[in-house]
Each structure stands twice: as structure tokens, then as C-alpha cells.
Amino acid sequence: MGIKGLQWFVANTCPDACTMVNLKEMAEKHHINHPDSPPVIVVDAMGCIRHWYTPESWVCGGQWQEYLANLQDFIKAFMAADIKLVFCFDGVVEQKKRDEWVKRRLKNNKEIARIFQFLKSYRQQPGRGMFFIPSGLATFTRFALKSLGQETICSLQEADYEVASYGLQNNCMGILGQDTDYLIYNTSSYFSIDKLCLDRMVTVMYSRENLCHALGLNITDLPLFACLLGNDIVPEDILEGFWQKCVASCPPKSQSYDKRANTILAVASYISRVPCCYGSLKDLEEMLPLASDKKLLYRGVESYILPGQQSPWLPPGVSNSQIHLVKQETAICPDQEIFQLAKEQHVRAENYMVYNVLSKGEVECSNTLEDELDTELPGQALIYRPVRQHIYSVLLESGKDTCRAYPIVKEWFVYFGNPMEQPDLVQPMQLDIPGGTPSLRTLWLTKGPEVQTLRYRTFLACFHLQDMVEEFQLLDPSVAAVCCLLIYLTLQVDSLSLEDLNAFVAHTLCLQGKSAAQLAGLQLAQVDSRAVQLGSLFIRGLTTLIMANSSLGFPMNMNDLMPWKVFDGKLFQEKYQQSHTGCSLEELLEGNGSLHMQFQNLKSFICEACMVKKRTIQSRRRGNRFITEMQEGGRERSFQQAYTTSFVPPYHSQNRGFQWRGSQPYFYGSEAQPSGKGHRDQRRHQGQRRRFQLAPRWPNKQTIGAFL
């Protein structure tokens with residue numbers, strides 16, 4: 001987050017602290033000065049995601065192929081300048097930052113509510129001023145960068161701290177991001193992602209030395225300066241009285257400065273006038289209304305001190321090597337070999353949520369584009385919770401107490417109605433599979449085809465599909481992932497209709513072979529708010545798949561679960577609207593007759609699996625202004641055999657399936673059921689067990705089979 005108002009202050013009142021630089025020229029100088037050390041820029045990835053996501057459409061669930069192409073172009077530009085990039089992502093939310101994390105999530109809820117209000121009023125995507133990053137973007141970006149061959153790090157503590165430490169310890173050319181904390185840390189040069197012109201490889205470099213000169217401070221004063229202005233550790237509300245005293249004792253230098261700028265100057269003036277010692281910090285702690293937390297200011301200053309550094313504002317002899325000494329972790333997982341493996345995989349950004357569960361038993365998920373007023377679609381956090389409960393049971397099997405009770409997992413998941421004052425306490429739920437729950441040592445460390453089958457069965461069991469291993473193994477991997485999600489969603493959410501399923505199936509088929517440019521050129525006359533939420537729900541399903549996959553030793557190639565393989569927001573929006581207007585199957589499949597049988601077979605495979613679980617799907621077209629206009633235009637048509645109010649499979653087969661690895665036939669099994677409201681009754685799942693497994697290494701890239 002950085003320090004509120006400091007970026008504006010530096011840009012507008014300290015021109016000497018902002019210098020336009022050419023990164024290629026800096027890299028050439030670095031080569032000359034350090035011939036044995038290539039120029040490296042460490043990237044604060046979370047601060048750059050909004051910059052990287054430039055596709056025009058953002059509300060429909062994400063334009064993932066376009067986004068991947070943007071990342072490729074970004075990397076190529078730095079490679080051409082002979083600059084190595086190292087990307088760092090937030091891997092944990094530290095307890096000292098939890099309150100601030102929650103506050104931002106609740107603020108995001110209000111922004112999302114405004115987005116859906118706009119969608120319903122105008123049936124158009126809001127302007128860029130209301131931009132909200134697509135659900136799952138941060139999670140999938142790190143996997144995208146790894147797939148592009150980039151070094152990617154997932155932090156074990158505050159990411160800003162690890163970025164600054166990496167820059168200092170590895171003599172990096174600089175840090176790329178947009179966070180004024182990088183002006184406070186005494187580390188490498190700080191480059192602006194917002195000011196970056198990729199074509200010319202120029203950006204603004206912020207100088208902490210020149211900032212200090214303008215403020216009359218030393219570099220070692222900056223951590224205290226940041227804390228007294230308010231940051232993620234020291235809240236602004238306890239500082240307002242102190243600011244008033246500072247401003248009163250230091251009249252504004254210019255009438256053109258705003259209140260915040262005058263406060264910044266006054267606080268700097270105060271620091272410059274008091275003795276630079278620990279005693280002054282203690283005096284401040286007595287002066288500020290810190291309530292019972294008298295060490296708040298101390299911890300705030302301490303948080304900026306990098307390895308090997310000291311601060312004159314802290315007790316003499318206290319260095320970062322003592323402050324941030326790596327402690328023996330009291331992990332929930334008792335198997336240290338397994339825990340260490342999970343930790344290593346986490347740092348290399350090769351798994352998702354595994355380390356967080358095994359270390360602290362605490363996980364979080366940020367906001368999703370969900371309509372809080374749509375009572376028929378529950379929040380994704382609740383829909384996928386049974387899957388996570390099964391995953392927790394596998395991860396924490398060895399952590400049971402003497403009464404064979406699992407440790408409770410704390411979930412900080414955002415959904416409507418959750419005030420997030422406390423985490424949800426979630427009980428792991430065992431899988432119901434033959435032989436009982438496999439151990440993590442078996443799933444992670446044992447090799448062989450039998451174990452791989454066990455991993456795959458356990459993976460499907462997480463979604464209550466363990467009796468369909470043979471059928472799923474015949475499918476192309478990416479298709480299997482889509483089928484797994486669609487079957488699970490249909491079983492969990494009563495309101496999903498035949499039209500919804502038709503849209504997902506047609507989208508899956510039509511996406512294959514389309515380039516990023518083709519998808520970028522797709523134009524939507526209108527945007528449907530329900531389809532927006534379904535798109536986000538599907539993407540969150542993919543994050544659930546990668547959680548299960550990385551927890552179970554990679555029964556699937558991680559690349560097959562990525563959204564750029566299986567989802568495009570605008571294309572799904574188009575298919576959803578076509579499906580709910582009752583267009584012909586030919587139009588839904590874009591006139592490609594070769595897709596008709598595949599459509600029937602994929603739909604059959606999904607419906608038949610649901611029918612076994614006593615779930616049938618019923619037609620339910622959504623009446624709205626868009627549909628009315630389409631009908632008035634004479635385009636009200638039916639699928640006839642494909643779009644009936646109650647789809648009945650033409651036949652059944654033991655070889656049912658959709659996309660086979662070989663030239664197998666397709667079969668179609670169907671079902672129909674009234675669309676109820678909300679989440680299906682989950683009591684039938686309470687006795688089921690589920691498994692979780694960590695991936696011992698990042699899987700090698702594999703050629704993805706053609707859909708057909």
C-alpha cells in the first residue's frame with residue numbers, strides 16, 4: 001500500500017527525486033561496472049498486474065489469451081534490453097496486516113456492488129474508471145510467468161519486504177513497482193511501472209537520497225517518517241492529533257500545497273528536530289494514543305529494516321538479523337520433510353494454498369465479481385467449500401489429535417454477508433474412497449503408475465466423481481477439467497439450467513483454435529450481469545482445481561488447468577446470450593457442423609454424470625431486455641432436439657465421454673431437473689472424504705492434445 005499521498009508529494013513538490021531514465025542504457029552501464037553480474041530487476045508483481053491487464057474487456061471473466069500475449073510482450077522487451085526479471089508475489093497475509101487486508105476487501109465489495117448496478121442499468125461494461133481486475137488474475141499470473149520461463153517467487157512474509165531484500169542482497173539494478181514503501185526501504189533503485197514506456201524502455205526512477213535532501217532527513221529516518229505518516233502497521237486515525245501539533249509548529253511553506261503535503265513537510269520537520277535515538281522513539285510512543293499496543297511504532301520501524309541493516313531509532317545493537325531471525329516454525333503438519341517440501345514449492349510458486357494450510361492452517365481468497373443481490377447464485381467461496389474441506393482432510397490427515405479430530409482451518413474468504421470480523425472455522429471433511437485417505441508421503445513422494453492413478457482418483461473424489469476415473473482418463477486433459485467443474489457446479493447449484501450448460505459447452509468447443517487477436521476482435525452488443533457472475537464462478541473453479549492438483553502430486557499437468565486454455569470472457573458472454581435467446585444449434589456453434597456431435601457428446605457426458613447423482617437439468621430461459629429485443633428481431637428459435645425443456649440422453653454407453661485421446665466415439669447422456677434457488681443441500685456430502693496432495697515439483701510442459 002505504501003504511504004498515502006507520498007507518491008503525489010514526490011511527483012509534485014520534489015522534482016529532483018523523479019528522474020526519467022532509459023533502462024536499456026542503465027543495463028549497459030551495469031554490464032560495464034559489474035561484468036560478472038547481469039542486470040536484474042525484481043518486479044513487485046502485485047503492483048504491476050493492473051498495468052499488465054490491458055484488454056478492453058475485463059468484466060466478463062477475463063480475456064486470458066490476450067493477457068498472456070501481453071505478458072509475453074512485456075518479457076520480450078526486457079530480454080531485448082538484456083535485463084533479467086525476477087517476479088515476486090504475495091504468498092501470505094501477515095497477522096499485522098490482516099486488519100488492513102480485511103478493510104480493503106470490504107471496500108472492494110462496495111465497488112463490485114456499483115459495477116453490478118451499472119451492468120443492470122446499462123447492460124454495458126463500465127468505463128476504466130470502475131476497473132476491477134478479473135477474478136483469479138493474481139493467482140494465474142504467477143503460473144503464466146512460470147510457463148513463460150520466468151523466475152517467480154512466492155513470499156513467506158510481506159512481499160514488499162522480500163522484494164526490497166532481494167534487490168539489496170542480489171545487487172539488483174532496481175525494483176519495478178508502484179508502492180512508495182520502496183522509497184522507504186534502503187534498497188535498490190525504485191522504478192515506476194505506471195510511468196514505464198515499453199516501446200522506448202524508459203520510466204521514472206525515484207531517488208530516496210534526493211527525497212531526503214528535500215525533506216531535511218537522513219535515509220535512516222525514512223522508516224520512522226513512514227510510520228508517522230501512517231502505513232499498514234500504524235493506522236492514520238491514531239496520528240491525527242500528532243499531525244495537528246506538527247503543522248502548528250511548522251507553518252506551511254507554500255499556500256499551493258494541500259493539507260496532506262503540508263502534513264508530510266511538518267512531520268519531516270519534527271523528525272529533523274528531535275535527537276535520532278531510541279529514546280525519541282519511546283517518547284513518541286508515550287505521546288501517541290497507542291492504547292495497549294505500546295510497541296506499535298517500534299514494530300513499524302522494524303518492518304523496514306532489511307537484513308544486515310540497523311536503525312538509530314531502535315535500541316543499540318539491534319539489527320535485522322536478530323529482528324527477522326528465522327524461527328523454528330510450529331507448523332500444523334508434523335512431518336518436517338513434507339512441510340519443507342511444501343515450503344520450497346511455495347517459494348518457487350509451484351503450488352497454491354498448500355503451504356498456507358500446512359503451516360498455519362489459515363487461508364484467504366480475495367474478492368470475486370459476484371452480484372450480492374442474485375439470490376440464486378451463492379458466493380463461490382461457499383460453492384467450492386466442500387472441495388476445500390476434502391483437500392484439508394488429506395493435507396491434515398497426519399495432524400489429527402489423539403481423538404482423531406482434524407485441526408480446524410481458518411478461512412478468510414470474501415462472500416456476501418460475511419463481515420470478516422473473524423475467519424470462518426472450517427472442519428476438514430474426509431473423502432469416501434476405497435482404502436481410506438492416502439498419506440501425503442504416498443501422494444507426493446512415491447512414483448509409479450499405480451500411485452498416479454491413486455492421485456487422479458483422489459483428485460476426482462474431491463469433486464465427488466471418484467467413480468468416473470476411467471471415463472475421465474479417456475478425455476483430453478483440458479476437457480476433463482472443464483467437465484469436472486461443470487458437473488460439480490451443476491450438482492451444487494440448482495439454478496443452473498440447460499441454457500447455462502449449453503453456453504458453457506458451446507464456449508468450450510468454439511474457443512479451440514481461436515487466436516488472441518480473434519478473441520480481441522469479438523464485439524458484444526450488450527453484457528449480461530448473470531453471465532458475468534457465471535464467468536467469475538468458473539474461473540474460481542479453476543483456482544480450486546489447481547489447489548487440488550498441486551495438493552495431490554499433480555495428477556494433471558498444471559498447464560491444462562490454466563484459463564487461457566479453457567476460458568474467454570467475451571466468448572462465454574456471447575454464447576450465454578445466444579443460448580438464452582433460443583438461437584439455433586448451428587448459430588451457437590458458429591456454423592461449424594463438425595462440432596454438432598461433439599456438442600451432443602460433451603453435454604451428454606456431463607448430464608449423465610449428474611443424472612447418476614439424481615440431478616436433472618431443466619430449461620429456463622432468462623427473460624430480459626436483450627432477449628426481448630432478439631425475439632422481436634425474429635431470432636426466436638429453438639434447438640429442437642438439443643434444447644428441450646427436459647433433456648433425455650439418446651442412449652447410454654460405458655464409454656461415455658466427450659473428447660477422447662484417440663478416435664473414440666462421443667456419447668451423450670442427459671438429465672433434467674427443476675432449477676431451485678441457491679446452493680444444493682450439502683448434507684449428503686458430509687460423510688464423504690477428500691484428499692489433498694502437494695506437488696513435489698513443477699511439471700514439465702507437455703503438448704496439449706487437440707480437442708478432437
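A salt bridge here is a side-chain nitrogen of Lys or Arg within 4 Å of a carboxyl oxygen of Asp or Glu. In this predicted model, a search of the whole structure finds 26 salt bridges.

**View 1. Salt bridge between Arg388 and Glu411.** The closest N and O atoms of Arg388 and Glu411 are 2.8 Å apart.

View 2. Helix α19 spans residues 385–395 and contains His390. His390 counts as buried because its relative accessibility is 0%. A polar atom of the His390 side chain lies 2.8 Å from the backbone oxygen of Met429.

**View 3. Salt bridge between Arg441 and Asp335.** The closest N and O atoms of this pair are 2.8 Å apart. Distant parts of the chain are linked here, 106 residues apart: Arg441 sits in helix α20 (residues 440–445), and Asp335 in the loop between α15 (320–323) and α16 (336–347). Arg441 is partly exposed, with a relative accessible area of 36%.

**View 4. Salt bridge between Lys96 and Glu94.** The side chains of Lys96 and Glu94 meet at an N to O distance of 3.5 Å. Lys96 is partly exposed at 37% relative accessibility, whereas Glu94 is buried at 16%, a value under the 20% cut-off.

Conventions: Residues are numbered from 1 along each chain as its sequence is written. This is a predicted model: local features need pLDDT of at least 70, side-chain atom pairs count only at pLDDT 80 or more; totals for chains, interfaces and linings use all residues. Side-chain values use heavy atoms; hydrogens and water are left out. Helices (H or I, at least four residues) and strands (E, at least two) are DSSP runs, numbered from the N terminus. Buried means under 20% relative accessible area, exposed over 50%, partly exposed in between (1.4 Å probe, protein chains only). A polar contact is a pair of N or O atoms within 3.5 Å; within protein, one must be able to donate a hydrogen and the other to accept it, and residues adjacent in sequence count only if both atoms are side-chain atoms.
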